Each structure stands twice: as C-alpha cells, then as structure tokens.
Amino acid sequence: MQGISLGTAPSRRRLVKARSKFIIGALIVGSTSGYLAMTSIKDTAQYYLTPTDLAAKVQNEPRFIDKGVKVGALVVKGTINRDPSGRSLSFKMTDGGHTYPVSYVGIAPDTFTDGVEVVVEGKLDSQGTFHATTLLAKCSSRYENAPEKTMPGYDNYKNTPGYKNSPTRGA
Amino acid sequence: MILLGELSLWVALLMAAWTTMVSFAGGVQGRMDLVHSGKRSLYATFVFTVVASAGLLTALFTHDFSIKFVASYTSINLPKIYTFTAFWAGQAGSLLFWALVLTAYSAVAVASSWKNNKPLMPWVIGTLGAVCLFFLMALCFGANPYERLDWTPADGRGMNPQLQNPAMAIHPPLLYLGLIAAAVPFAFAVGALITRKLDTEWLAAVRRWALLSWFFLTLGLVLGGWWAYVELGWGGYWAWDAVENSAFLPWLTGTAFLHSIMIQEKRGMLRKWNVTLVMATFLLTILGTFITRSGVINSVHAFSQSPVGDWFLGFLVLATALSVYLIATRLNDLQANVELESMVSREAAFLYNNLALVGICFATLWGTLYPILSEWLLGGKQEIGPEFFNAVNGPLGLLLLMLTGVGPLIAWRRASTVNLKRQFTWPLTAGAVVFVTLFALGMRDPYALMTYLLAGFVTGTIVQEFVKGIAARRRMYEEKLAPAAFRLVTRNRRRYGGYIVHFGVVVMFCAFGGLMFRSDFQMLLKTGDAQTHTDAYGHTWTFTSRGISQFDFLNRQVTAATVAATRDGKDMGLMVSEKRMHVNTQGQQNFEASTEVYILSSPKQDVYMVFTGMADKDTAAIHIFFNPLVMWAWVGGIVMAIGGLIVMWPQATARARQGGYVAELPSAARETLVGAGV
C-alpha cells in the first residue's frame, strides 16, 4: 500500500525490460528445478518388477546384477527360515514363473507370513540370491473385503443360528 | 427405506441428465424457461441424492448384510460411530457421499449466485448438472452401493481397524468437501468462457468457493498427515504417496489461484492464467480421484482395482478436452490490458509465488505419474522415492516461504528504494538473529538454517504489519491495545486473515525443518535389558524393557511391549506399544494384525515407539524414532485453518446480502423443497 508510484504511464522500454527480467528469473527457477528433478530421478528411480521380469532383464543386460530394484512377489509356502536371534531371515519368492531365494537382515513386519504378497527392495547377487534391504508385506484385501463364499468361514456362517435370524433376512 | 433409496439414486440420475440437457439447450436458444427448469431439476437431483444417502445409512444401521457394501465394511460389533463413517469408508459409499456433497454444493451455488450472475447461469447449471450426472452414472453403473450379494452373511467383515480412528472418521469427508468445492469455480469458468464475460465479476463468486475448497483441503491434508503419523507406524506424516499427492495437487493450484486472483482484481492482469488455474484445479481433483480409485498406481491407501477407474479416466479426458478447447478459442478475450512494470513489485512477487506453487505441482504430478509414464515410455515400471520430491520441492518450498514474507510488504507496480528499506529492515534483522543464534547453538544443516532464517524473516514481516496496523488504529481512534488488535483483524479480514494463514505456513515450515534432524534405531530387548541412545538435542535416552504382556480386550487380542524411558537420568514414564489381532463375533481373525504406536510428545520433539515384533516370547523388537518439532506441523495446520476461517467469514455489512455457505444452507434447502414440489 505504501510507496505506490502514481500517475506516469511506464515507458514501453521499461515494460519490455521488466517482462524479460521476469522471464529470465522464471527460467532460472525452472531450469534449477528441472536439473534437480533429472538428477534425483536418476538417483532414486527403481524398477518395479516381478521375478520373471527380473530374470528376463538379467539375461538381457548382465549389468542388472547388483543394481537396486524393487520386486513384488509371493512368499513360497514353508520356505521362511528365521534366524534364532530374530535379526535376519531368508525365504523364497515367486510369481509362478520364476523363483528367487531372498535374504533379509532386519526385523520382518508381522504381516509377513507364508504365502503373503511381499515387496522387497535390494540387489540380486551373481549367485542369484536377492539381498533385500527393505521388506514390505502387503495384505491383498485391504479395503475391498466383501465376505466370499470361498472364505473358510462360509459354511460356519451358514450354520450359525445368526444366519437364519439375521435381522434383515428377507428385508 | 432401503428400496426407496435405491430407486432415488436412479431418479437422481435422470434428474441430473435433464438438468444438463435443458440448461445447455436453454443457454443455446436463450430460453430462460428451460434454464428455470434446469435449476429446479438440479435442486431435485440434490433431494433425491439425499434420499439415496439416507437409504444407505438405513441399510448400514439395520445391518442389512444382503447388501454387499454393508457386509464388506461393517459388522454387528462395530461401534455406532464407525458404522456411520462406513458410509464413506468404501468405494461405492464414498462415491455416493461425493455425489451428495456435489449436488448440495451445486444447489447452494446456483441459489446464491442466481441473481448476480444471471447471464452465466445456463452454463453454470448445465456444467454442474453434467458433473453430477457423471458421478451418478459412475454410481449406478460402476460401483453401486446397493449391489446385493446372492446370500446373506450372519455378520459383515467389519471395518479395517486402521480406519477405526477419529481422524479417519473426519479426514476423508473433509478432503471430499474440499475437492468437490472445486467443481463450482470450474462451472463458473466454463460459463464465463462460453459467454465471453471474462471481466472480474465472475471471479467474485468463484473466489468464495475457491476459499472454501482451500479451507477444507488444508484441514483434510493436515488431518490425513496426523492419521498416517499415529496409525501407520512408520514414524512420519508425509510420504509423497500417490494418494496423498493427489489431494495435494489441487491444493497447490487452488492456493496459486487465491493469490493470482488478487492481481486480476487490483491490476487486471493474468486473466488467462486465472481461468487456467481454476480449470486445472478441478481437473486435478478428478485426476486424483482417478488415481485413488482405479488402482493404476501402488499406494498404501488406494482402493482396490475397480471399473470405476475407467469412468473417471473417460470423464477426465472429456473435461480436459473441453477446458483446452474453451481456453484456446477465447485467448483474445482473455488478453490483459496491463503489463508487469517492474521486477521489484508485488505483482512480480505474486508471479513468482505462482511459479513456485505450480512448479511444485508439476514436480509432484510428474513424480506421481512416473510409474505409469515409465511403463509406457521406458518399457519397465519404475518407481521414484521421496528423495525425488524432497530434492525438487524443497528449494521451491523455500522460495515460496521467502515470498510469503516479501509479497505483502512490497508495493504494487514498482517499489521504491525507500519503500524497500522501510519495510524490510526489521524483518531481515529478525531472520539474521535467528540464523546467528541457531548457528551459535551448533546447527549446521544448510537446509534447516535456511528454513529458520526465512521463518524468522517472515514472522518479522507479519509482526511488523500487525504492530503498524495496531499503532495506526491507536493513534487514529485512541483505542486500547486489545480492541485495536481485534478491530484491526475484524475490519480487514482478508488481509489480516491472510497474514494469520501465512504465520501458520511459517510454523509448519519450522516443523519441516525439524525433519532434518530425525533419527531412528531398532532394538531387540529381552525383558530387563536396556539400551542408550542420543537425540538431536544431545539428550541421552535410556530404554529399559519391562516385558511383553498378552490379553484380550473388546474385539481384539492384544500383545503389548512396555519400555521404561529416561532422559538424562530423569524418569519419562512408561511407553507401551501394542500389536492388535482383531476378531469378529465368531472369534475368527478378520483383519491383519495392526500396531498401536506410542508417542511421547512434547513441543521439542516426539519420541515415537513401534513394537515391530517378537523374536521370542520375552524379546521385543522395538523401533524408536526421535522426531523433532513434529507437534508444530499440527499447530501450523490449525493456525492456517483459523486464518482461513477469518478470511472466509463474511464482513458484517455484507453478511445479510452475500451470506456464507453456512448461512445460505437453510434458505437453499427451502428453495430446493419448493423446486422439487413444482
């Protein structure tokens, strides 16, 4: 509000100058951000693959070994082997097509059980073992959870007295 | 009631279709009778959507498990409050909630702007009707909340325990209230573009809705962060997750619009830009909904893959095409008649503010869509981590923080050296003092130092503005300090409310600065074992395990780890983190185990404890985070919301005529009923 310069129409030349100055400033901001974006994408972008994808990639480009990747797969039942100290574990992951042994140092989340879907981040070594640095277990039915007939509880449901007296049957 | 609700949904669909058709036809032919019919049927759409919603609520509360939605998200032993919030906990219900709010907003917007913006009305009503029509179509054909199962379970699956949290009960509706409000400015923009009435008049109506949208989005985002922090157990509140981003994007363009609109009001500049921002904000809300609901991008809290995604994609493409076409064909009408005069002016500061906000928006959008883009273009799905977002948005955020201080102080058109000196001496001194103090205390992180330097500077500018304003009032009206301060704010709500919002932003940035000093560690503690760690302030913490206990409680089996904490030898009390196994009325486990974290909170820092698992029956795996200054993120959010309320509150003199959205509702509802009866 203070110091408004009143009256005189600004000259054409000054307008052009102000405008080009603003554009130069905008270009500096834009290119700095662009540069930061490019470099950080290079640093943090990770392939998100299935074991089959990973096997194909490794076959085509040997440099894929020792490169950080993310792999989404299922834990093969009965393969979880926990270290007695609780600090590390190993298991096998698969997508049906390809299976990789995984070793992980750290504490597994409690959703990590047989047959569950996992996302591991880490590197594949030349022997074909995947060394995971992070381990996430996904519950497949997180928000969409209609009761299904295939659910083990279905027969129980049907036989419980509640089923017949369900407050809304026939409503 | 349930059947009535189901039928109402279809009637609402027909009403919305009618609204769209007759309003556009009325606009093209210039027949006001058709537009009146469109207005009435828009009100009727709202009424029938209310009935449809009431029907679903009835189904939820009477536990009608033959309805898939009810069986999927509730159970008999679910507390009443969460039975109510289940309305928006799942895909179909949340869409219905969306339609409910959208039709309500549409009715209120049309009722309150009918007199002042008559030439635009055919197109505004038509556009709002079309958006309602789309949502109702997605509901009826994509995800119908009334879909039945072919058997009736005795009990439903219940609600995901992580959603059973007070923040989760109100966070989604707040976000929806914010996202949906963006539809009204969009409709006005379409109207203004079609009729080529692109002066500042349409902006007045739009500004109120843009503010409302901004207010709810701000609250929703902050609450969402708080929920993630206390419930998800990874020790942070913002992960640049696709779903978080999708609500953040329209907030950015909306904030940019609220600033650039001032330049158009004061100087007549940026007309193209403002229309673009309004349309982009709406399109981003639809894009965000698409991302959230289609399952195209992995996210911790996405809905599962669903056909609704295709509906949203189709709508997004259509709406984008329309927006681009309208703006492209009206470029000449949007020509500004004024140009930027100087780099050292408020206009320039606002332009850079917009540049920073839109830059953050672009970077975030790019990062969010990168998994899809890389799959298309590079032939392999790649994901990018939070480092990307921090690297790009960090500097832009600091630029924004700086402009928060510069913008309000610098003169319009061209600032003189005298103006600069008078306005900036004290704030710059304040920033320098903060910087030197922190440096002397041993802070060396450049990002954090920069943040606090700017925070000091901006706080200085805000304090200076208040001090000057209060002093002026005391001189002119000989008022005492408190009434002068009160009247200063209440007589200039827009300006001083804005400063309060800015102060909230500063407080929040102070919290972000604290993130630079986070640390965390994992421990395996046998009962009685202890470990010692040092936090960022140099305090020594000792954590001693008091063992693991197991017990049943309500609808869950609980395993709890207890740790006694001391800071520099001083007792800080017990910290208890729980693993919860949730069971239904039949005693079967119905959800994955969840974790209740413990947060020892103080203004200086949060000590955040997560019980991650048991190595054996008396060895607990515990993850501890030292999170400095987290509390200030919530405080900043509250301050921003208060500032937003002050800005939105109608001025006393104008209140009777204009009305806020709250004051407007009853009369709108009355009109609606009349409209439905005719």
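In the predicted model, helices α6(B) and α12(B) are roughly antiparallel to each other, a term used for angles over 145 degrees. The model being predicted, local features need pLDDT of at least 70 and side-chain atom pairs count only at pLDDT 80 or more, while totals for chains, interfaces and linings use all residues. Residues are numbered from 1 along each chain as its sequence is written, and chains are lettered from A and ligands numbered from 1 in the order in which they are written.

The axes of α6 (residues 121-142) and α12 (residues 308-329) of chain B come within 10 Å and cross at roughly 155°; axes are lines fitted to C-alpha atoms over the stretch in contact, and angles run from 0 to 180 degrees between N-to-C directions. From α6(B), the contact takes B:Phe134, B:Met137, B:Ala138 and B:Gly142, and from α12(B) it takes B:Val308, B:Trp311 and B:Phe315. Two residues are in contact if their C-beta atoms, placed from the backbone, lie within 7 Å. By class, six of these residues are nonpolar, one is polar and none is charged; Ala, Val, Leu, Ile, Met, Phe, Trp, Tyr, Cys and Pro count as nonpolar, Asp, Glu, Lys and Arg as charged, and the others, Gly among them, as polar.

Chain B holds 21 helices and ten strands, which are DSSP runs (H or I, at least four residues, for helices; E, at least two, for strands) numbered from the N terminus. Along its principal axes, the C-alpha trace of chain B spans about 85 × 80 × 60 Å.

An automatic or database assignment divides chain B into domain 1 (1-164) and domain 2 (518-632). Their C-alpha centres lie 43 Å apart. Nine residues of domain 1 and eight residues of domain 2 make the contact.

Technical notes: Parallel < 35°, antiparallel > 145°, perpendicular 65-115°, else oblique.
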